[in-house]
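Trainee: I have a model open and some questions. Can we go through it piece by piece?

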Amino acid sequence: MENFQLQAVSGTATAEFSVLDPDGKLLCEVWPSRSTWTTCALTPGAAHTVLITGRDTAAEYTLTRRDVTATAEGCTTGPATPVGGPSTGGTLRAPGMLVCRQVTTGDAGDVLHLDVRDPLGTANLLAHGADGETVCRYRNEACAVTGSTTYQVLLGVPTSLRAADSYRFDALRVATAAGPADECAKVPNVSYGYGPVTGTLDERHTAFCASLPTAYADRFDLEISDTSGGTETAVPSLYDAGLDNNCTLFVPSGYRCAVSEPYTREVSPSLLVVGLPEKASRTDYSVELVCSSSPCGVEKRTVGKVSPTSGTSGTEVTMTVEGTALHEDDEVAIHRSGRTVTATTTSVSADRRTLTAVLDLTGAAVGDWSLSVHTHYGWQYGKGTFTVAPPPVENTAKPKITGTARVGALLTAVPGTWTPTPDSYTYQWRADGRAISGATSATYRVPSSLLGEKLTVAVTAHRSDRPDGTAVSAARTVAAAPRDHAGTGGRPDGVADMITVSTGGWLTFQQGDGAGGFSGKTSALGWSNSVLVVSFGDLDGDRCNDVLVRTDGGELRGYRPECGDPVGPETPYTSLGTGWNAYDVLTSPGDITGDGRADLLGRRSATGDIQLFAGRSDGTLAAGRKIRSAWTSYTKIVGVGDLDGDGHGEVLAHRGDGALFRYDGTGTGLLEDRVLLVANWGLSYDTLVGVGDITGDGHADIVVRDRAGVLYRNNGKGNGTFTGRYEISAGWGGYKGLF
């Protein structure tokens, strides 16, 4: 297969030529022209005759033969690139003259998109397969080719037009024998078109493509623009199974593209390729195909299941419609007694088989409504009944937890307020968001296993004519009970403990048993038997109680053991300063400043003044502040925790004549005026300890030791007073200190 080109060199006369085989049979011919060409199928090895016929006027011509098969020489050679790859380029020859390019690809089943562009828009393209057969006619538009691994592409400008200095050439692999190229978007549905698709094309990324599930005779109007305001817009090509490019530009309406295949009910797939404008090297494109033979593709319009079929009055319900060829303008609606509520369509899936809409039931009457789908093409599909249920009981004030969230405490759920008034409530206690098995009553006693976890209670309100409503309280973090340091399980158990220091240097948590006595010990050796120990609150934020120790040298240390561990000299601590030997009393009443942190009181030996050292969030103590003067007449001053249930710590002061007084904390860092509890009390006692609750009734108790070493307990009543004493046991005289 060869290309013959006749070109005038001088003169103005036209000429024509014809090519004959050895038997004189006409193989090809051209009309008279000064510049023309054609392609002829020649028999290899045989002599052929070219007849050139001129005019009566003198003129000079050249006749050029060019091989257009895979063996062609002198062509610029390059491989096809994937879709989205760069273009190549070169220089055009004079009008009527051809430029040859050879394009290669790896497989004869590959489909290539070929296109030539130039600043004047005058360049045409002609393509031949490896055997020289014409696969793209000489036109000023893109084409698609397949069946060869080598293509000879001839580029030229008609003699009637002006040629630009340069051109750009695209050879893109848009499909393989297996189907559309991986770079092509796989469009699931074209019932109403495709897009809009936006992006940028330039000479490094010259085109994008999409595989469309079209039907045999689909028609599309294209809406194409340059989103940055350019006047040159992207150019579409739509290739059907026959690789025909059925896109036509109509002025001024724009491009129309079609599929033109034999009738079939099956999908006739097509490839959309959108490339750079003819005269621009860049475009910010927006491309949309709008089906003009609606619906396009092979799916019929159907409306299937609509769900859900019920909702609550006053709420918004997300509706889902299943079907095929669903449209954004299709609507879900409910009807009752002359009123229609139409849902707002929010999305349609890419395959157009699922439509999502929001149905606003504000003000919708309770009861059954008719449910239907109204299509954009005017049909209405009845879909049964939609039931509007009454709104649930509404919570207007959240539930709350009363009581102190600590191990061993009994907490109570206050259900909050609801409208309308519920018939009943049920409860579910939760720890760190998980339901606690069996914890379904209005009260809950906190076990030691929940130390450090966040407790909430979910309250469900019930009413016979309404759905249930549920609300959850604010969280409360579980801390150890006051003065509770250890337990038989290795963790604080919710029962207060007493601290003892033995003559041999053992510092021991004497574990309260919840029945008013002590059983079990958690001990560490290595202490001086003359240290002063204060059972204190949480210093380091682990929700467990810590211990203050004044050393023989007068340094005060805040020891921070792990929850449930003993306190030894090697336990981590924070130094709280020196010079604490100036105080003959150090004791903690609990919180008297109202900030939820334990505080320390100290009596100066020299003056009897009481200093408040408020606990701080970083585990240290604030500077001392005098809150009482000249407490010199008291032989014992002991912080005893909250005796009257107001949440503030109290202090007991025992005078030398036997009078026992109570000073109530105010929550502001001060103490109320004293209250006489007993006029003649405890002259035989050498030790008084505010031990916390060791009886398990939720009230702080005190423990006393007489000079014979017998230990007694006075049970707190919760109103600031105590019962008479109960003997715990004898044999406590060997301890140097009880704290």
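This is a predicted model: local features need pLDDT of at least 70, side-chain atom pairs count only at pLDDT 80 or more; totals for chains, interfaces and linings use all residues.

Trainee: Then is Asp432 buried, exposed or partly exposed?

Mentor: Partly exposed, because its relative accessibility is 46%. Asp432 sits in the loop between strand 40 and strand 41 (434-435).

Trainee: What about phi of Asp432?

Mentor: Phi is positive, near 50 degrees, and the residue is not a glycine.

Trainee: Where does Ala630 lie?

Mentor: In the loop between strand 56 (625-628) and strand 57 (634-641). Ala630 also has a positive phi, about 55 degrees, without being a glycine. Its relative accessible area is 48%, so Ala630 counts as partly exposed.

Trainee: Change of topic. How many residues of strand 43 are buried?

Mentor: 7 of its 10 residues, so strand 43 (residues 454-463) is mostly covered.

Trainee: Which way does strand 43 run against strand 40, and over how many bridges?

Mentor: Antiparallel, over 8 bridges. In that pairing, Tyr425 stands opposite Ala461 of strand 43.

Trainee: And how many bridges join strand 43 to strand 44?

Mentor: 5, and those two strands run antiparallel. Strand 44 covers residues 466-472. Ala458 has Val472 of strand 44 as its bridge partner. Strand 43 and strand 44 form a hairpin, with 2 residues joining them.

Trainee: How many bridges are there between strand 43 and strand 45?

Mentor: 2, in the antiparallel sense. Strand 45 is residues 476-477. There, Lys454 faces Thr477.

Trainee: Let's go to the start of the chain. What do strand 2 and strand 3 form?

Mentor: A hairpin, with 5 residues between the two strands. Strand 2 (residues 16-20) pairs with strand 3 (residues 26-29) over 3 bridges, antiparallel. Cys28 in strand 3 is the bridge partner of Val19.

Trainee: What is phi of Gly24 in that turn?

Mentor: Positive, about 85 degrees.

Trainee: Now the prolines. Is the peptide bond from Gly195 to Pro196 cis or trans?

Mentor: Cis, with omega near 5 degrees. Pro196 belongs to strand 19 (residues 193-202).

Trainee: What kind of peptide bond joins Thr419 and Pro420?

Mentor: That bond is cis, with omega about -10 degrees. Pro420 is in a loop, between strand 39 (417-419) and strand 40 (424-431).

Trainee: Next, Gln510. Buried or exposed?

Mentor: Buried, because its relative accessible area is 3%. The cut-off for buried is under 20%. Gln510 is part of strand 47 (residues 506-512).

Trainee: How far apart are the C-alpha atoms of Gln510 and Thr522?

Mentor: 6.9 Å, with the two residues 12 apart along the chain.

Trainee: Last topic, charge. Which residues form the negative surface patch?

Mentor: Asp538, Asp540, Glu562 and Asp565.

Trainee: Where does Asp565 sit?

Mentor: In the loop between strand 51 (556-559) and strand 52 (573-575).

Trainee: Why is Asp565 called partly exposed?

Mentor: Because its relative accessible area is 35%. That lies between the 20% and 50% cut-offs.

Methods
Residues are numbered from 1 along each chain as its sequence is written. Side-chain values use heavy atoms; hydrogens and water are left out. Two strands pair if DSSP finds at least two bridges between them. Helices (H or I, at least four residues) and strands (E, at least two) are DSSP runs, numbered from the N terminus. Patches are made of residues with over 30% relative accessible area and no salt bridge: like charges are joined within 9 Å, nonpolar side chains (Val, Leu, Ile, Met, Phe, Trp, Tyr) within 5 Å. Accessible areas come from the Shrake-Rupley method with a 1.4 Å probe; for residues, only the protein chains shown count as cover. A salt bridge is a side-chain nitrogen of Lys or Arg within 4 Å of a carboxyl oxygen of Asp or Glu. Lys and Arg count as positive and Asp and Glu as negative; His and the chain ends are not counted. The place of a charge is taken as NZ of Lys, CZ of Arg, CG of Asp or CD of Glu. Buried means under 20% relative accessible area, exposed over 50%, partly exposed in between (1.4 Å probe, protein chains only).
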